[in-house]
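Open the model in your viewer and keep the sequence panel beside it. The stops below say what to select and what to look for.

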Amino acid sequence: MNLNTSDLDRLAVELAVVVPAAARARVRVAVQKASEDIKRYAPLLAPVDTGNLRSSIHRLTIDRAWAITGRVRADAEYGKHVEYGTSRMAPQPFMEPALDSSVGWQV
């Protein structure tokens, strides 16, 4: 399958014209605040043994012409096993409850 990115580039230019810079800046601030809130709350919910899981939680804001996205993740290799459990270990969710606590946050 071939993907022609020129269409995406053209769309990005059109969106940049349509969405005023001031509105985009407000959206960026809102995304950063929401992701920071989640990043701050998730470590409080994460179980602690060595502290590695808690310290591996970080956030990133990705600002593209067509979208501003906030990501919060735990880089510890075993983070997903703690969050969702395994066949031998019950889940101990920390990321989803942190996300759920931010639902309803508005610009």
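**First stop: helix 5**

Select helix 5 and pick out M95, A98 and S102, which are buried; buried means under 20% relative accessible area, exposed over 50% and partly exposed in between, with a 1.4 Å probe and protein chains only. Look down the axis of helix 5: the buried residues fall within an arc of 65 degrees, so they line one face of the helix. The arc is taken from the directions that run from the helix axis to the C-beta atoms. An α-helix has 3.6 residues a turn, so residues three or four places apart point the same way.

Before going on, note that this is a predicted model, in which local features need pLDDT of at least 70, side-chain atom pairs count only at pLDDT 80 or more, and totals for chains, interfaces and linings use all residues. Residues are numbered from 1 along each chain as its sequence is written, and side-chain values use heavy atoms, with hydrogens and water left out.

Helices (H or I, at least four residues) and strands (E, at least two) are DSSP runs, numbered from the N terminus.

**Second stop: helix 2 against helix 5**

Show helix 2 (residues 21-45) with helix 5 (residues 95-102): their axes come within 8 Å and cross at roughly 135 degrees. Axes are lines fitted to C-alpha atoms, for helices over the stretch in contact, and angles run from 0 to 180 degrees between N-to-C directions.

Which residues make the contact? From helix 2 they are I38, Y41, A42 and L45, and from helix 5 they are M95, P97, A98, L99, S101 and S102. Contact means heavy atoms within 4.5 Å.

Move to L53, in helix 3 (residues 52-55). L53 counts as buried because its relative accessibility is 3%. Leaving out residues up to four places away in sequence, L53 touches A46, P47, A74, A76, Y78, G79, V82 and F94. Select D75 as well: its C-alpha atom is separated by 7.6 Å from that of L53, although the two are 22 residues apart along the chain.

G85 is in the loop between helix 4 and helix 5. Is G85 buried or exposed? G85 counts as buried, because its relative accessibility is 18%. Apart from neighbours within four places in sequence, G85 is in contact with K80, A90 and P91.

**Last stop: the chain**

Zoom out to see five helices and two strands, in the order α-α-α-β-β-α-α along the sequence. Of the 107 residues in the protein chain, 23% are buried.
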